[in-house]
Amino acid sequence: MKVAKIKIGRRSFIKSSTLASGGMVLGFNWLMSCDMTPSQVKALPKEWFKINGFLKIGDNGLVTIMSPNPEIGQNVKTSMPMLVAEELDTDWNDVIVEQAPLNTTLFKRQLAGGSQSIRQGWNSLRMAGATARAMLIEAAAKTWNVAASEITTSEGQLIHTLSGKQAGFGEMASLAATLEVPSEVKLKDVTDFKIIGSSRKNVDGSKIVTGKPLFGLDYKSENMLIAMIVHPPAFGMKLKSIDDSKAKSMPGIERVFTIKTHESGYSLGAFDNDAFNEIAVLVGRSTWEVMQAKKELIAEWEMAEAKVEELNFFGRNITVETPAGLESTADHKRILEKMSIKKAKVVRKDGNPEAAFKKAVTIIERSYTCPFLAHNTMEPMNFYADVTEEKATLVGPIQTPEIMEQSVSKRLGMPVENIDIQMTRMGGGFGRRLYGHFLTEAAVISKEMKQPIKLVYSREDDMTQGTYRPSYHAYYKAGLDENKNLIAFQVRAGGIPESPLAANRFPAGAVENYVAEEWSQVSNITVGAFRAPRSNFIAGAEQAFLDEVAEAAGKDPIDFRLELLTKAESKPVGTNNDYVASRYAGVLKLVKEKAAWSTNKNPDVFRGTAAYFCHNSYVANVLDMIMVKGKPVVQKVYCAIDCGIVVNPDAATNLAEGGLVDGIGHAMYSAMTFKDGVPEQNNFDTYRLIRHGEAPKEIEVHFVENKIDPTGLGEPPFPPVMGALANALYRATGVRQYNQPFITDKPLAG
Amino acid sequence: MLSHFKLNINGKVREVEVDPTTPILWVLRDHLDLVGTKYGCGIAQCGACTVHLNGVAVRSCQLPISAVGSEKITTIEGLSEEGDHPVQKAWLEHDVPQCGYCQAGQIMTASALLNQNTNPSDSDIDSAMHGNICRCGTYTRIKAAIKTAANSQDLN
């Protein structure tokens, strides 16, 4: 066992009774009002005893564990409580999971993003369980008058073998709740885990398949009205005036007005980005009626001026430049091409690339691009707000509740203590719900109405609002010597409005002469983090390029990568390489073995491979493609992952499968394009997402087994498969893919 | 203008006063507190709003209340009394959902498919499910769950 000092979030473990009232788990909360899952066999206890901010124990041994982080489908509502339950040593069948309220005093980092929930919660959640277990043992020791060190626990039972005494956690909970919190606790050894590492079903599974109200859009309260918005039809335009004479007389409509999401002088927080600050609002009694009135609102738009804003990103000031004008995808393509041939800012340089390229016998140069993408969470943006003079209650889907709380506080001029944000399950996040302008809008609308409202974006509002994945470009150049060794490597990556470059990732560290450059071009089309930001393009581009380099070198694409990784491990070039070469090679070796890469030579199966490291985890793929009636079909994807200890294997597999399907889908089909500032796609009839029949017929996910502290999985499986797909398409069709989405622009085959 | 309607939903008669053009989706969600049926696109492209009309899968966002009469509507809340329809059970067995938002629609389309075809092939499943989008990418699990449900003995 390792002894951990309770340094991280010690206040989290302080008994709830010593905290000021409010905040904790008391009081009615809609999110907790849902029925328990039918699998709960024990009746509810007569009394609950709060042991700490993360858990309470009932007199009958039932345990309620608070899941602190927002749930966006990454399954943390199951896996985070598993960490608590493991160290508490309770029976998982006795666990009820509740979504914790936003409480920055009790919980740290209540945020879903960057695949960090499990990684950053690993220690604090286990300590929450371990301290509670220690307090239960202490209570039993006092009751039985024996030494605490002689007491063991197992599945919710306290056992004193010497005297034969045994008690359930519930029997000792009332005493335990009154005891001092220990200053240090013992954490289990990895080999003693019973819950971590064994698959547990999604705690909301039954509610989801029976249609229980779980999502923000499902929320309602007495006297609640529905609000919808009308935003400018084009980026680069703003609201001039509205004529609401017809709209406001439509049935069911209460009011039509305009709001500014942020007043002038408002200092932007980390996730306050918003394309359209001034919008028209329609409020009425039902969604359908408001949708009809929306069609009758006449708005006049005008050109927006260029602006420069400062955004406070976790203490760092970022300048956001928004140019004037109406942009088109055709212009963007020209910009990408023009910028990609200019020298750009050198971010990293090893050796002497110029001289090495001169010496090289073979030079390979390729360019890759990708379009803007809309997040398209299946649940459109929405939020409930009830703002009075005294307080603001906000309920809905948000990845950054603790950050948006500050924004709302600033915008309403109301202290943070008076703002209550409740987290609903989210119908998808993918980064879109980091940017909570819709939450602020809901608060401003409710304040104006002096009534609770639920703000609902139509799919069209959602898809044309911005916050897109940027459009990127990557130019690569590789030089081989006469022995086909890679002696020089250049990457110049840029985009609108940011560069996707990750200068210190592989193959940096594996090539003597290396240079990485970046550039960017401002735009008024707003962007935001999109599942695996930047990696979601650069991984596929790099992995497709390495495939061509391996081919030019006459080497097997996996062996080629492994050779480079061996070099990076034994004699790394440079000091800032941000990956562990042996773990990188580990996933490649595992996928090579599982896919029988060296022996499976079916001539009708075309195989592509790729590997990437991002968001702290390593992923490698082999993608098998077959041709059916001249069309490429993804038959099977093999995926090897190293994310350290796997907390919930089946759920982790599910998340990886989803990442692969999502990656194939976006690389193959999706694009957001513009004409004079107007998005050319506004719903799923024009914007293509991958559908059932286009998904791989089979997916096999394998995890590297080790005892390394866990890292996340929401993002890492998403980027590299795009490269594996491009490489398999090449083998199947003879045509290399350079521009996403692959399905448009040119015939793939036949 | 508002009109009075009597609907047959999940085996019960439900009465509402709404505009006759109101799609069943919004009648369910805004007027009858049946929010399991989801709004995703409003143009019958994503399948999140799928319900059964006399056992057949339809997109409720395109079904005005005036067109329904006394036909039988089944929503996710009424698919089974105890949440134990073979498709629901298979969904839990395969732990299909990630975010879960589209899953009610997926389940309603899948159960309607099995109403008509108790032993669907892969391509039967692909074409029946084509209209249901899942951004989380749970398609392979959905297919596996449909096959499990098809093989289950409770399917009648």
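# Close-up views of a predicted model

**Figure 1. Confidence along chain A.** In this predicted model, chain A averages a pLDDT of 92, and 94% of its residues score at least 70. Two stretches of chain A score under 50. One covers residues 6–39, where the model has 57 contacts beyond four places in sequence. The other covers residues 745–750, with 13 contacts beyond four places in sequence. Where pLDDT is low, the predicted coordinates should not be read in detail.

**Figure 2. Chain A as a whole.** Chain A holds 16 helices and 31 strands. Its radius of gyration is 28 Å, close to the 27 Å that the globule rule gives for 750 residues, so chain A is as compact as a globular protein of that length. The C-alpha trace of chain A spans about 80 × 75 × 50 Å along its principal axes. Of the 750 residues in chain A, 56% count as buried. Take the contacts in chain A with a separation of 6 or more: residues 24 or more positions apart account for 79% of them.

**Figure 3. Helix H2 of chain A.** This helix runs over residues 76–88 of chain A. H2(A) has 13 residues, which should span 18 Å at 1.5 Å a residue. The end C-alpha atoms of H2(A) are 18 Å apart, which agrees. H2(A) is mostly covered, with 13 of its 13 residues buried. After H2(A) comes A:Asp89, whose phi is positive, near 70°.

Figure 4. A:Leu88 lies in helix H2 of chain A. Is this residue, A:Leu88, buried or exposed? A:Leu88 is buried, because 29 other C-beta atoms lie within 10 Å and the cut-off for burial is 20 or more. Which residues touch A:Leu88, leaving aside its neighbours within four places in sequence? They are A:Leu55, A:Val63, A:Gly129, A:Ala132 and A:Arg133. Look at A:Val63 in this group. A:Val63 and A:Leu88 are 25 residues apart in sequence, and their C-alpha atoms are 9.7 Å apart in space.

**Figure 5. Where chain A meets chain B.** The contact brings together 52 residues of chain A and 44 residues of chain B. On the side of chain A that touches chain B, three helices each supply at least two residues: H5 (205–209), H6 (287–296) and H15 (649–669). H15(A) gives the most to this side, with 10 residues. By class, the side of chain A that touches chain B has 20 nonpolar, 20 polar and 12 charged residues.

**Figure 6. Two domains in chain B.** Chain B is divided into domain 1, residues 3–78, and domain 2, residues 86–151. The C-alpha centres of domain 1 and domain 2 of chain B lie 21 Å apart. Their contact takes 15 residues from domain 1 of chain B and 12 residues from domain 2 of chain B. On the side of domain 1 that touches domain 2, strand S3 (50–53) and strand S4 (56–59) of chain B are the elements that give two or more residues. S3(B) gives the most to that side, with three residues. By class, the side of domain 1 of chain B that touches domain 2 of chain B has seven nonpolar, seven polar and one charged residues.

Terms used. Residues numbered from 1 in each chain as written. Chains lettered and ligands numbered in written order. Predicted model: local features only at pLDDT ≥ 70, side-chain atom pairs only at ≥ 80, totals over all residues. Contact = placed C-beta atoms within 7 Å. Helix = DSSP H or I, 4+ residues; strand = E, 2+ residues; numbered from the N terminus. Nonpolar A, V, L, I, M, F, W, Y, C, P; charged D, E, K, R; others polar. pLDDT = per-residue confidence, 0-100. Buried ≥ 20, exposed ≤ 12 C-beta atoms within 10 Å, placed from the backbone. Rg over C-alpha atoms; globule rule 2.2 N^0.38 Å. Domains from an automatic or database assignment. Expected span 1.5 Å × (residues − 1).
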